[in-house]
Amino acid sequence: MILPTKTIQPVDSLLSISALIIEILKEKEMTLDDLFDEFNKRYYKKITIEKLILSVDFLYITNKVTDNNAIIKINI
């Protein structure tokens with residue numbers, strides 16, 4: 001699910017979703033709800049909140065984002 005496979009297109013992988021999350025967070029820090037709304041405005045199709053949370057978790061584990069009182073900010 002993190003990387004593309006035969007059944008998961010490259011643009012639907014968590015890696016691609018995480019890349020767009022980083023681009024959005026470069027502009028402004030935001031809450032998860034605001035990030036979800038902004039992401040769905042920019043991405044070519046709607047994603048679920050669960051997929052967004054998985055991507056944010058991936059970025060958090062790899063130390064690319066931090067959480068400060070429910071505000072997600074970039075850590076690059």
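How do the axes of helix H2 (residues 32-42) and helix H3 (residues 49-61) cross, and within what distance do they come?

1. The axes of H2 and H3 come within 11 Å and cross at roughly 110°; axes are lines fitted to C-alpha atoms, for helices over the stretch in contact, with angles from 0 to 180 degrees between N-to-C directions. H2 is therefore roughly perpendicular to H3, a label for angles of 65 to 115 degrees. Helices are DSSP runs (H or I, at least four residues), numbered from the N terminus.

2. This is a predicted model, in which local features need pLDDT of at least 70 and side-chain atom pairs count only at pLDDT 80 or more, while totals for chains, interfaces and linings use all residues. Residues are numbered from 1 along each chain as its sequence is written, and side-chain values use heavy atoms, leaving out hydrogens and water.

3. In the H2-H3 contact (heavy atoms within 4.5 Å), Leu32, Leu35, Phe36 and Phe39 of H2 meet Ile49, Leu52, Ile53 and Val56 of H3. By class, this contact has eight nonpolar, no polar and no charged residues.

4. The axes of H1 and H2 come within 10 Å and cross at roughly 115°, which means that H1 is roughly perpendicular to H2. On the H1 side, Ile17, Leu20, Ile21, Ile24, Leu25 and Glu27 meet Leu35, Glu38, Phe39 and Arg42 of H2.

5. Leu25 also touches Met30, Leu35, Val65, Ile72 and Ile74, not counting residues up to four places away in sequence.

Technical notes:
Helices (H or I, at least four residues) and strands (E, at least two) are DSSP runs, numbered from the N terminus. Angles under 35 degrees count as roughly parallel, over 145 as roughly antiparallel, 65 to 115 as roughly perpendicular and the rest as oblique. Ala, Val, Leu, Ile, Met, Phe, Trp, Tyr, Cys and Pro count as nonpolar, Asp, Glu, Lys and Arg as charged, and the others, Gly among them, as polar.
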